[in-house]
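Please keep the sequence and the model in view while reading.

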Amino acid sequence: MATPCGSLAINILKGALVKVIGFPTGRSTIGMKQSEGNKVRLTVKTTLTSKPNDATIAKVMEIANEKCKAAVPVQFFNIQRDEAEALYGECMYDKFQVPAEIKTLTVLYIDGYNFNCVRPDAEYPRNTSAISEMTLKKVKFQTSKQQLEVQVVYTPNTSANVPVVNALKSASENTNAKPTKEAIEPLITSTGMDTSNDAPPAPSTEKKGGKNQIVTPWMVSSDDGVDYNKLIKDYGSQPLSDELIQRMEKIIGQPVHPWIRRGIYFSHRDLNVMLDMYEKGTKFYLYTGRGPSSEALHLGHLLPFMFTKWLQDVFKCPLVIQLTDDEKFLWKDLALDECHRLGYENSKDIIAMGFDMKKTFIFSDLNYIQHLYPTVLEIQKRVTFNQARGIFGFTDSDNIGKQAFPAIQAAPSFSRAFKIPLKGLANMPCLIPCAIDQDPYFRMTRDVAPRMKLHKPALIHCKFFPALQGQNTKMSASAVNTAVYCTDTAKQIKKKINKHAFSGGQDTMEKQRELGANLEVDIPYQWLRFFLMDDDRLKEIGEKYSSGEMLTGEVKKELIGVLQALVKNHQEKRAAVTDEIVQEFHKVRELEWEA
Ligand code: TRP
């Protein structure tokens, strides 16, 4: 009992499955059935090795429903069979063989979405808006046969009054040119949409964490501290497990960085895949960056670079560092030359971390854009306005530069953007260390990578460094007393910590001795977790402070000592960075590393 809407529902579903999961469209339809209650069932042969997860199926339904809403014409063409096969191969066929005596094919075509032989006598609505909604009923997967069966219920859109046509008749009346080979190509080569572990992120304004938690690349806020477990869940990244940490230690032949052990680097995407490749002798490169919005860097800005330096040392790999002067110009009230200048100044602080000049390329987007641009374009072509809005929460009043920017931060994830520095390697794997707020950029990147036939970049994410006033927010480069700056004097550091660091200790000495401090919210202790590298000493302080044996003043004193030494060392290193050195790091040149 085929109905026009039922037949259409099957074609829409098929198109969505191919788009999202990414198996060949030709010869993959094994069976379909329409039954009472507007139910349809479609069975397809996939390339999957396990049942698709909920996010993937949700995406399939989302795409199918978008197609219905979009009211796209359903066209038919009559094409000579040998001509069709010569032009399109087998992509219009289902699994079963069309009898040899049939010499003319009637083919249904939904623009860039579905191209499929149909029975000449079948009836279809003239456009996709004949269905108002499709909802999922059931999903079954047969692992041994890689067969996926999807059942949906559709709701006919009776108020739309879409005319019904006979396929053969409509095809003979169709005066449009039949689709070109190039138009069909994406249907054949679709590699899917990568929903496996990159769950579609919620728009930026959505509440999703600790209370009223908002995390986007340009804003982090929450009423009661960031809930990182929730972030892992919402973003669909992986927690950095003990098992993976042990594996990493085995491969690098030394303990991991204390920040990994302490859970400051806490989440990743495909780090295991990078380690697999590394073990087999394929080197990856590192990519990180900074948005130069102020001259004075605070300690929180240095953290990702300190960690990146460690990664470069243990994996002995090349590194590219992007200075997004363009981004800051678009987002902040700053002149373009100023952003460019800040990038140049900031690179002195970055270089002071001790990066290996032979292995490190630092670039400003403004300077390097011509090299990035071909890759930027390939990315831009594959991300719709809707997707960018979904990921970044852009609104109608955001300037168009912002909307185009994500592709510029994505491009350095692909080695083809570094023909000279990375010696022309077209698809060298990439690992990106970054704070978790940068993840949206790279979810987008990972979504387009398979469609560009390139490796998805892997990521390792860190938590935010808390402001002096407490856990709830990132530090601000504009509120002087929320942070310790790389330019602060020993005296200023002492004063800031003593005066402004939020304490989790008790109000009086008696109470502290009795109850001890709350380490979770205590900033001096939390900062020591970042900057005191001696594990034993940190543990001792944690125990003594939380039990009341140590007082806030003593812990602050310890922190002040650590920070004064760190900042002094940084200032010396930075002073030694001459303009010639900066220029060498910025020079477009071949990097050197052992393969
Ligand atoms: N957008 C980042 C910032 O504002 C800078 C950046 C560019 C970056 N590329 C990156 C950060 C890659 C981490 C990884 O700071």
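Is C317 buried or exposed? C317 has a relative accessible area of 1%, so it is buried (under 20% relative accessible area; exposed means over 50% and partly exposed in between, with a 1.4 Å probe and protein chains only).

## Basis of the report

The model is predicted, so local features need pLDDT of at least 70 and side-chain atom pairs count only at pLDDT 80 or more, while totals for chains, interfaces and linings use all residues. Residues are numbered from 1 along each chain as its sequence is written, and side-chain values use heavy atoms, with hydrogens and water left out.

## Cysteines

The structure holds zero disulfides, a disulfide being a pair of cysteine sulfur atoms within 2.5 Å. C317 takes part in none, and the nearest cysteine sulfur, in C430, is 9.7 Å away. For C117, the closest cysteine sulfur belongs to C91 and lies at 9.0 Å, too far for a bond. C117 is also buried, at 15% relative accessibility.

In soluble globular proteins, nonpolar side chains tend to be buried together. A nonpolar core is a set of buried Ala, Val, Leu, Ile, Met, Phe, Trp, Tyr and Cys residues joined through side-chain atoms within 4.5 Å. The largest one here has 79 residues, and I260, I497 and W527 have the most contacts inside it. Helix 10 (residues 299-315) gives the most to this core, namely 10 residues; helices are DSSP runs of H or I with at least four residues, strands are E runs of at least two, and both are numbered from the N terminus.

Another core, of 45 residues, lies apart from the largest one and includes C5, V44, L48 and Y124.

## A pair of crossing helices

The axes of helix 18 (residues 490-500) and helix 22 (residues 552-575) come within 9 Å and cross at roughly 150 degrees. Such axes are lines fitted to C-alpha atoms over the stretch in contact, with angles from 0 to 180 degrees between N-to-C directions. On the side of helix 18, the contact (heavy atoms within 4.5 Å) is made by A490, I493, K494, I497 and N498. Helix 22 contributes K556, L559, I560, L563, Q564 and V567.

## Enclosed elements

Helix 17 (residues 439-448) is largely enclosed by the rest of the structure, because 10 of its 10 residues are buried. Among them are D439, R443, R446 and D447.

T128 is found in the loop between strand 6 (123-125) and strand 7 (131-142). T128 counts as buried, at 0% relative accessibility. Leaving aside residues up to four places away in sequence, T128 touches L8, I12, K67, C68, A70, A71, V72, V74 and I110.
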